[in-house]
Amino acid sequence: MHPILAQRKYLGLYLAAWLPVAGLISVLLVFSGRLSWPEAVALAIPAVVLNAFLCLAAWYLCRAFPLGKTGILHLFFIHAAAALLTSSLWVFISRGVAAALSSAPPFAGLSERWGDQVPLLYGVGILLFWLVVAVHYLLNSFEGARRAERRALETQILAREAELKLLRAQIDPHFLFNCLNSISALTAADPGRARRMCLLLADFLRMSLSLGNREFITLEEEITLAGQFLAIEQVRLGPRLMIDRRIQETALPCLVPPLILQPLVENSVRHGIAQLIDGGSLRIEAERRGGRLWVAIENPFDPDAAPADGKGIGLKNVRRRLSSQFGADTRMDIEKSNNIFHIEISLPAHTKDGKRQDAPGNHQEENP
Amino acid sequence: MNDKDSAAEGLSCMIVDDEDLARRVIREHLARYPEVAILAECANGFEAVKAANELGPDLLFLDIQMPKLNGFEVLELIGADAAVIFVTAYDEYALRAFEVHAVDYLLKPFNAERFDQALAHARLHARSGLPGGAPALIAENRKRQRPLQRILIRDGARVHVLPVDKIDYIQAQDDYVCFKSGGKEYLKQEAMAELEALLDAGRFIRIHRSYILNVERLSRLQLLAKDSYVAILADGTQLPVSRTGYARLKPLL
């Protein structure tokens, strides 16, 4: 059904838009014919209202023959034929209206004098129909653009949700099995440490599953999670993995999307420190800088190491999640120099009470 | 390799894993086999290649993911003389490769029965001197890493890792190829055709039967006679270019 007929307020607006047209036709009828003002208005208003409904047929035509998908010539003939047809109907209707009016005493003889107006009414009828067609095409294209936009937004949201689900489920099997092997190794030699390792693993798994369900967590929680991961890796890698935490107290309550830091730390261990014979030190820094939260991770790496499979996917995911959450209001910079891998992210500093911290002027303050 | 009589009594092995705890598990299992001697424990691929060369073990317990050299690369460098049991946590590719080439492997963590099985199986290999599926496995691993990012060269007990972008050109010398890099030379036993297939074809061009050139080092081509060119490198080195070599080089200039 036509959207204008489906909703009463649209119908009212549509008919109101035809009122000036009725006025214009009355003027034409008075000046070109021998009709008096009352006769012209009495004829024009009902004829125009009936024509307004007739012209709604253009909607079906416009839908059946969309612009761009129909040839120009094809379009021309369709709309020419449709205009001739509707205009004939409109002339026929106005004759009916004139005949009906002539039975009333003030409009006697109207139906005889009406005959002179046929060419004028016919021409106006064609132009009016084409005008309505043009308006329909315009509205259709607006509607199409809006629908496409909404669809794009919907797919983006769906993709993001799926990605998040995947991330939650993504616990590196290599990490898990290596961890179990370490526990198996410790059971005979050092049962106490084996139990501690089991507990560390349980804590890490429990926390990463529960945090992943929330939209935002505090940096403190995220750092605790990364710390649990690192504690496990320290059992496995021994003295090869050292950790240097430089975390500012005021940065801890800032809100971040869950599992943003942990993949970065995992990446630094797996592709950086674990690939070095003598290992190295992993540095985690976090600071509040005005209205922004700044987090950096740094580790040594072996530039000659064989390129690992799937390297960079974890980092790409973090970058995508940050930019889908904060848009242009976030940065992630990666720098490799002198066998040091450095990654830093900066995002708006929000805390749990929902307030954005500090003055808005500070938002321009980016990483050096 | 030991002769048959001594092999029936004893077996020598090496444990190669970058994690101390992982080595400890294997050591514990081996304690039940007093006839198996542990010659060395190595925490990385370089050490493993060096120790394997010096000690010549019958059997290697070899982790896959290690710093510097992975397990396949260690095996490639020491040759397929020793029997090998791969020990790995989780690596979809490796598991498939082990199954295909029937190479012994242990999945971390493993139980005593599984360990005994793998050891018994490896012992058979060590005694019969069968190389097993290892050479095919090594070849497949190299193909998987195509285009090659780095060349591994064994020089006695030392291992050189040569990133391919440091190679100027490669020269064939009988059964060997010689990698020239910044005035240094590295020899490796390898066939030119095989190497050519593994290198990045957009960058390393076989300009002659005996030469593969890193095109980034090319300064210009000089016409000697009709259809006969010489490639002049940035450091002034001149290399002959065959007619097919010129045809391969031309589209890149």
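Analyst: A residue counts as buried if 20 or more other C-beta atoms lie within 10 Å of its own, as exposed if 12 or fewer do, and as partly exposed in between, with C-beta atoms placed from the backbone. The model discussed here is predicted, so local features need pLDDT of at least 70 and side-chain atom pairs pLDDT 80 or more, while totals for chains, interfaces and linings use all residues. Residues are numbered from 1 along each chain as its sequence is written, and chains are lettered from A and ligands numbered from 1 in the order in which they are written.

User: What makes D235(B) count as exposed?

Analyst: D235(B) has 11 C-beta neighbours inside 10 Å. The limit for exposed is 12 or fewer, so D235(B) qualifies. D235(B) sits in the loop between β14 (228–233) and β15 (238–241) of chain B; helices (H or I, at least four residues) and strands (E, at least two) are DSSP runs, numbered from the N terminus. The C-alpha atom of D235(B) is 9.5 Å from that of D168(B), although 67 residues separate the two along the chain.

User: Which residues of helix α5 (residues 92–101) of chain B are buried, and how do you know that they are on the same side?

Analyst: The buried residues are A94(B), A97(B) and F98(B). They cover an arc of only 100° around the axis (taken from the directions from the helix axis to the C-beta atoms), so they share one side of α5(B). On the face turned away from that buried side are the exposed residues E92(B), R96(B), E99(B) and V100(B). The cover over the buried residues of α5(B) includes β4 (83–88), β5 (104–107) and α7 (134–144) of chain B. After α5(B) comes A102(B), with a positive phi near 50°.

User: Why is strand β6 (residues 331–337) of chain A said to lie largely in the open?

Analyst: The strand has 7 residues and the number buried is 0, so β6(A) lies largely in the open.

User: How do you know that β6(A) and strand β7 (residues 340–348) of chain A pair?

Analyst: Pairing requires at least two DSSP bridges between two strands. β6(A) and β7(A) have 7 bridges, so they pair, in the antiparallel sense. One of the residues involved is R331(A), whose bridge partner in β7(A) is S346(A). The hairpin has 2 residues between the strands, and N338(A) takes a positive phi near 50° there.

User: What makes L60(B) stand out in the largest nonpolar core?

Analyst: Such a core is a set of buried Ala, Val, Leu, Ile, Met, Phe, Trp, Tyr and Cys residues joined through C-beta atoms within 7 Å. This one has 115 residues, and L60(B), V84(B) and F86(B) touch the most other members. Its largest share, 9 residues, comes from helix α10 (residues 219–237) of chain A. Leaving aside residues up to four places away in sequence, L60(B) touches C13(B), M14(B), V16(B), A52(B), A82(B) and V84(B). A second, separate core has 31 residues, among them C55(A), I93(A), V97(A) and F107(A).

User: How many residues of chain B are in contact with chain A?

Analyst: Contact here means C-beta atoms, placed from the backbone, within 7 Å. By that rule 19 residues of chain B are in contact with 23 residues of chain A. Two or more residues each come from α2 (20–30) and β7 (158–163) of chain B, and α2(B) gives the most, with 6 residues.

User: How are the buried residues of chain B counted overall?

Analyst: They make up 40% of its 253 residues. In chain A, 31% of the 368 residues count as buried.

Methods
Two residues are in contact if their C-beta atoms, placed from the backbone, lie within 7 Å.
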